[in-house]
Structures are given as structure tokens and as C-alpha cells.
Amino acid sequence: MKVKYFAWVRERVGKAEETIEPPASVRTVEELIAWLSGQSEAYAYAFEKPKVIRAAIDHAHVKSDAAIAGAREIAFFPPMTGG
Amino acid sequence: MTCPVTIRIQEDDFDIAREIALLTESRTDIGAVVSFSGICRADDDSAKIAALTLEHYPGMAEEEIRRHTDEAISRWPLNGVTVIHRVGRFMPGQNIVLVLTASQHRQAAFQAAEFLMDYLKTSAPFWKKEEGATGTGWVEAHARDDEAAARWKKS
């Protein structure tokens with residue numbers, strides 16, 4: 001699946017997007033955050049406060065317990081500050 | 001009732017008078033147009049701002065705005081909606097966002113414009129980075145914006 005990062009999450013991860021293949025045991029958004037956090041210091045830094053992180057699956061906001069099965073694109077970003 | 005919706009995310013500036021004219025031209029059913037413009041300020045509370053950079057999530061930003069214009073149209077009798085959000089780097093005084101709502105009467109237009117702005121601030125995927133005298137940093141979300149959006153939730 002494709003993963004995108006925005007704002008300071010993008011800066012901390014060090015890339016805007018990538019394709020990942022998490023193991024089948026990773027079922028939800030929060031499990032994906034935990035799995036990514038274990039991949040490197042950069043991810044651990046980006047996701048150090050997982051409750052602050054917002055997520056979207058296929059362009060729609062989701063909660064942290066949302067299932068990631070079938071997702072084409074998952075995005076992680078801080079709370080929005082537009083307008 | 002027909003309600004044309006225009007949603008644009010662009011780097012270029014917008015011309016408010018032109019956008020209102022596009023919304024109202026050749027129509028006689030519109031009695032009220034509310035216009036809200038968001039403008040880059042020179043200070044955020046006490047900190048001075050030299051410039052602001054707006055980042056967005058292409059694709060989702062348009063879809064998220066569309067979900068909220070759809071909801072606004074279902075809640076108020078609107079005759080036209082325009083939302084333009086700029087991205088890029090802005091100096092104080094420059095336009096950032098425009099919301100236009102048209103209706104037969106002013107109440108629906110006022111309320112729908114406020115509803116759309118409250119949700120643009122808390123739910124549309126845009127992020128602001130400030131350049132100030134002491135450095136550069138991402139703007140933090142304000143609880144007051146979440147509270148402003150929460151009052152539109154249907155109980």
C-alpha cells in the first residue's frame with residue numbers, strides 16, 4: 001500500500017510518500033503506526049505522540065482503530081491548520 | 001433548486017468581485033451572497049509573522065471540501081457555493097482562502113459560510129508553517145477551532 005506523510009510528520013519521516021508491505025498481523029491504523037515506529041528512529045520520532053497523529057484512508061479521515069485491509073493509500077499528518 | 005459548486009485549490013490569487021459575479025450572473029433567484037476571505041496576518045497572538053507557507057494533501061483536500069459543501073447544501077437552501085483555498089508561500093496581507101455562499105435570504109448564506117469555514121479549519125487537509133523572527137515552525141491547531149466546528153454537529 002502507498003503511504004503519504006504531510007507537514008511535520010513528512011519532515012520527521014524524511015519522505016513524502018513510499019510503498020510499504022506491513023506483515024498481516026498489522027490490521028489497524030494504530031498497529032501500523034506502532035509497526036512503522038519500530039522501523040527506524042525517524043519513524044519513532046514522527047510518531048512519538050501517536051494520539052496527536054491524524055490518519056486518512058483513501059482520502060477520508062479515519063480513527064486509529066480503523067482497519068487498513070484493502071486500503072490503497074494511507075496518509076498520516078498532524079491536526080489540520082488551514083483556512 | 002440548482003446549487004452550482006466551485007472548489008479550487010490554487011497558487012494564484014483570487015478576485016473576490018469576479019468570483020461573486022460568476023456565482024450570480026444570469027440568475028435572479030439569489031437574494032444574498034456572503035463572502036468570507038481569510039488573509040495572512042502579520043502576527044499570531046504576540047509572535048511576528050514574516051511569511052506563511054500552506055501545504056495540502058492533493059486529492060483529499062478537494063474531496064473533503066466537497067463533502068462539506070454537500071452537507072451545507074443539505075442543511076441550508078443554498079443557490080451557489082464557491083470555495084477557493086490557496087497554497088504556497090504568503091506574505092502578510094495576502095489572500096489565503098475565499099468562501100462564497102449564495103441563497104435567497106441572508107440567514108442561510110451567513111450560517112453556511114460560517115459552517116464551511118469552521119470545517120475548513122479543522123477538517124480540510126491543509127497545514128500552515130510560519131516564518132517568524134525567531135525561526136520557522138508549524139502552526140499548532142487551536143482547541144477554539146475544534147469547538148467552533150463542534151457546534152454544528154447534529155445531536
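Predicted model: local features only at pLDDT ≥ 70, side-chain atom pairs only at ≥ 80, totals over all residues.
Student: Okay, so at what angle do H2(B) and H3(B) pack?
Tutor: The angle is about 155°, and their axes are 10 Å apart. H2(B) and H3(B) are therefore roughly antiparallel to each other.

Student: Is the crossing of H2(B) with H3(B) right-handed or left-handed?
Tutor: H2(B) crosses H3(B) in a right-handed way.

Student: Which residues of H2(B) meet H3(B)?
Tutor: From H2(B) there are Glu64(B), Ile65(B), His68(B), Thr69(B) and Ala72(B). On the H3(B) side, they meet Ala112(B), Phe115(B), Leu116(B), Tyr119(B), Leu120(B) and Ser123(B). By class, this contact of H2(B) with H3(B) has seven nonpolar residues, three polar and one charged.

Student: And H4(B)? How does H3(B) pack with H4(B)?
Tutor: Those two helices pack at about 135°, their axes 9 Å apart, and H4(B) covers residues 143–150. That angle makes H3(B) oblique to H4(B).

Student: What's the handedness of the crossing there, left-handed or right-handed?
Tutor: H3(B) and H4(B) have a left-handed crossing.

Student: Which residues of H3(B) and H4(B) meet?
Tutor: H3(B) brings Asp118(B), Tyr119(B), Lys121(B), Thr122(B) and Ser123(B), and H4(B) brings Asp145(B), Asp146(B), Ala148(B) and Ala149(B). Sorted by class, the residues of this contact of H3(B) with H4(B) are three nonpolar, two polar and four charged.

Student: Switching topic: how many residues does each chain bring to the contact?
Tutor: Chain B brings 22 residues and chain A brings 14 residues. On chain B, the elements that each supply at least two residues are strand S4 (47–56), helix H2 (60–75), helix H3 (106–123) and strand S8 (126–132).

Student: Which of those gives the largest share?
Tutor: H3(B) does, with five residues of the side of chain B that touches chain A. By class, that side has 13 nonpolar, five polar and four charged residues.

Student: Now chain A. In what order do the strands of its open sheet come?
Tutor: The order is S2-S1-S5-S3-S4 (chain A), five strands with mixed pairing. S2(A), residues 17–19, and S4(A) stand at the edges with a single partner strand each, so one side of each has no neighbour in the sheet. From one strand to the next, the twist averages 25°.

Student: How many bridges join S3(A) to S5(A)?
Tutor: Four bridges join them, and the two strands run antiparallel, with S5(A) spanning residues 73–77. As one of the pairs, Ile57(A) has Ile74(A) in S5(A) as its bridge partner.

Student: Is Ala7(A) buried or exposed?
Tutor: Ala7(A) is buried, because it has 23 other C-beta atoms within 10 Å and the cut-off for buried is 20 or more.

Student: What about His59(A), where does that one lie?
Tutor: His59(A) is in the loop between strand S3 (54–57) and strand S4 (60–62) of chain A. Its phi is near 75°, again a positive value in a residue other than glycine. With 18 C-beta neighbours inside 10 Å, His59(A) counts as partly exposed.

Terms used. Residues numbered from 1 in each chain as written. Chains lettered and ligands numbered in written order. Contact = placed C-beta atoms within 7 Å. Nonpolar A, V, L, I, M, F, W, Y, C, P; charged D, E, K, R; others polar. Axes fitted to C-alpha atoms, helices over the stretch in contact; angles between N-to-C directions. Parallel < 35°, antiparallel > 145°, perpendicular 65-115°, else oblique. Left-handed = near helix turned anticlockwise from the far one by under 90°. Buried ≥ 20, exposed ≤ 12 C-beta atoms within 10 Å, placed from the backbone. Pairing = 2+ DSSP bridges.
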